[in-house]
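Here's a quick briefing to read with the structure open beside you. Take it one topic at a time and look for each part as you go.

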Amino acid sequence: MRYLPLDAQDRRAMLEAIGVASVDELFCDVPREAILDGPVDLPGHQGEQEVLRHLRDLAGRNLPTSAAPSFLGAGAYRHFIPASVEYLLSRGEFLTAYTPYQPEISQGTLQALFEFQTQTAMLTGMEVANASLYDGSTAAAEAVLMARRITRRKKIVLSGRLHPHYAQTIATMTRYTGENILAAPASIEGAEDLAGMIDDETACVVVQNPDFFGAVGDLSALAAAAHDQGALLIVVVTEALSLGAIRPPGDMGADIVAGEGQSFGNPLSYGGPYLGLFATRQRYVRQMPGRLVGQTVDADGRRGYVLTLSTREQHIRREKATSNICTNSGLCALAFCIHLTLLGEAGLRRLATLNHEAAITLAAAIDRLAGAEVVTKAFFNEFAVRLSRPAGAVVEALAARGVLAGVPAARLLPGAGQMETILLVAANETQTSEDRAALLAGLEEVLS
Amino acid sequence: MSNLRFSKDHEWIRLDGATGTVGITDYAQNALGDVVFVEPPEAGRELNRGDEAGVIESVKAASEVYAPVGGTVIAGNEALAENPALVNADPLGEGWIFTITLSDPGELDGLMDEAAYQSYVEGLA
């Protein structure tokens with residue numbers, strides 16, 4: 001097929017055929033004042049080198065996490081990605097175009113996704129995991145829809161300490177399906193009474209661990225309260241590395257775990273592409289959204305991998321499908337799988353421990369500063385700090401000093417009470433003692 | 001077999017007092033092929049006539065089971081969880097899908113008897 005632009009003669013012939021004198025006449029229904037008068041004001045064309053130089057200049061105005069001490073988190077986490085991850089990612093065995101419907105040419109991809117599912121199930125403490133979803137927030141929304149299918153109820157209880165983007169995605173995806181969302185207010189101190197919000201019409205309660213403010217908690221009592229009312233417990237995990245150190249949701253009675261898998265193998269990359277983790281109990285597998293790879297044997301009894309339980313999916317069941325977002329994040333899931341495989345179980349625990357230790361050291365040092373108080377008491381690698389000044393201004397002031405100090409909570413929770421002075425600070429294994437010193441010196445200067 | 005009634009969606013219902021037992025017909029199981037999974041409705045669920053009551057998956061397709069009459073589900077056939085092939089082997093017997101307390105026995109009048117269903121099925125061929 002050739003793509004050739006129209007010339008004036010083609011255009012004239014087409015206009016004649018439909019009986020219009022000019023292209024402008026086709027837009028006669030657009031109000032006069034909305035039509036641009038004259039050409040768009042853009043610079044003229046440039047050669048490749050000039051364009052590259054211009055883009056490099058623009059990029060140079062950013063302060064990327066790779067070029068500054070960075071304590072950013074709040075749902076996206078920087079971790080060291082070994083070079084071997086990218087090398088293995090680009091191997092020919094994994095070069096399968098799009099969805100591996102044809103197992104006979106896709107064994108590499110299918111086996112990797114099967115391993116990914118196994119890793120996700122083990123990390124979350126659940127029985128079955130799918131081959132990934134679009135990202136953590138859509139995974140959470142899919143979990144809500146799944147709970148609705150299972151319970152045939154419409155009331156959804158959301159923790160006020162769920163990442164605001166996740167709460168917004170849930171609200172968006174249920175806007176026209178009649179769910180009744182009951183969200184607890186975003187508050188940082190005291191315990192949330194989510195159990196008190198559950199009744200016999202509740203489909204599910206959605207809670208994040210570690211929560212948006214970094215706090216780690218035991219969800220067993222909440223799980224029991226939900227199950228007493230016939231509701232499901234959905235646990236959201238935005239920092240997958242935390243599962244290398246804390247009790248997995250599956251051990252605390254979760255029915256569905258929806259998580260963000262970016263922490264393993266995937267760079268921050270301006271917020272995407274990321275990958276949604278999704279795991280549940282075996283008895284709910286038929287209601288699970290997304291692709292599922294299964295292990296089987298071929299005609300000669302040899303081990304092989306295929307997509308399985310496809311009757312849940314839209315290419316078989318159309319409008320009755322468990323989800324109409326059917327694409328998994330194959331490449332991101334593969335990066336996750338490779339990174340986690342390279343770490344191994346001992347390496348995962350070690351990396352999680354390093355993160356936790358770095359957070360403890362950092363939190364203690366920040367807490368000693370005048371005008372800063374660590375609010376999160378039990379955390380993994382991220383915690384909230386109450387400052388004596390608005391957090392947004394402090395972050396700007398430190399960025400001017402070349403330090404990415406953290407994420408102001410009010411940026412994600414505009415209008416929520418008492419969030420102005422809350423700063424979310426994330427520690428990780430990439431930070432050096434010089435990085436920490438730069439943050440502490442900057443905070444001391446700005447807060448005094 | 002006079003207490004057997006059939007729907008155009010190929011469900012059968014057998015009445016025993018106020019209780020009906022529902023399954024799919026031999027014609028339906030034959031059209032579906034090997035059944036690999038059955039999801040019967042849960043006990044206590046209220047169904048109107050024509051509501052989707054459950055799902056049957058075969059190697060060929062996934063299909064809905066509709067309620068031939070309205071009422072309250074008494075139980076699903078738990079044996080199908082272990083052995084969904086009962087639907088193929090004995091569709092009008094051990095392969096039943098759920099039992100229901102009828103809310104309006106008059107709804108049975110809208111269903112076909114065995115002879116009418118036979119000629120209905122022959123007309124589909």
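Predicted model: local features only at pLDDT ≥ 70, side-chain atom pairs only at ≥ 80, totals over all residues.

Chain A is assigned two domains: domain 1 (68–79 + 344–447) and domain 2 (83–339). A nonpolar core of 122 residues, the largest one here, draws at least three residues from each of these domains.

**How the two domains meet**

- The C-alpha centres of domain 1 and domain 2 of chain A sit 27 Å apart.
- Where they touch, 26 residues of domain 1 of chain A are in contact with 23 residues of domain 2 of chain A.
- On the domain 1 side, the elements that give two or more residues are helix 9, strand 11 (382–387) and strand 13 (422–426) of chain A.
- Helix 9 of chain A supplies the largest share of that side, with seven residues.
- By type, that side of domain 1 of chain A splits into 16 nonpolar, seven polar and three charged residues.

**The cores**

- Which residues touch the most other members of the largest nonpolar core? They are A:Val144, A:Val205, A:Val206 and A:Ile234.
- Helix 9 (residues 330–367) of chain A turns up again here: it gives the most to this core, 16 residues.
- Zoom in on A:Val206 and, leaving aside neighbours within four places in sequence, you'll find it in contact with residues including A:Ala140, A:Val144, A:Ile156, A:Leu162, A:Ile234 and A:Val236.
- Apart from this core there's another one, made of 25 residues, among them B:Val65, B:Val69, B:Trp96 and B:Phe98.

**Helix 4 of chain A**

- Helix 4 (residues 107–124) of chain A has 18 residues and spans 25 Å from its first C-alpha to its last, close to the 26 Å expected.
- Its buried residues include A:Leu110, A:Leu113, A:Phe116, A:Ala121 and A:Leu123, along with A:Thr109 and A:Gln117.
- Just after helix 4 of chain A comes A:Gly125, which takes a positive phi of about 75°.

**A four-stranded sheet**

- Strands of chain A in the order 10-11-13-12 form an open sheet with antiparallel pairing.
- Strand 10 (372–374) and strand 12 (407–408) of chain A are the edge strands, each pairing on one side only.
- Strand 12 of chain A pairs with strand 13 of chain A over two bridges, and A:Val407 stands opposite A:Leu424 in strand 13.

Definitions and conventions: Residues numbered from 1 in each chain as written. Chains lettered and ligands numbered in written order. Core = buried A, V, L, I, M, F, W, Y, C linked by C-beta atoms within 7 Å. Buried ≥ 20, exposed ≤ 12 C-beta atoms within 10 Å, placed from the backbone. Domains from an automatic or database assignment. Contact = placed C-beta atoms within 7 Å. Nonpolar A, V, L, I, M, F, W, Y, C, P; charged D, E, K, R; others polar. Expected span 1.5 Å × (residues − 1). Pairing = 2+ DSSP bridges.
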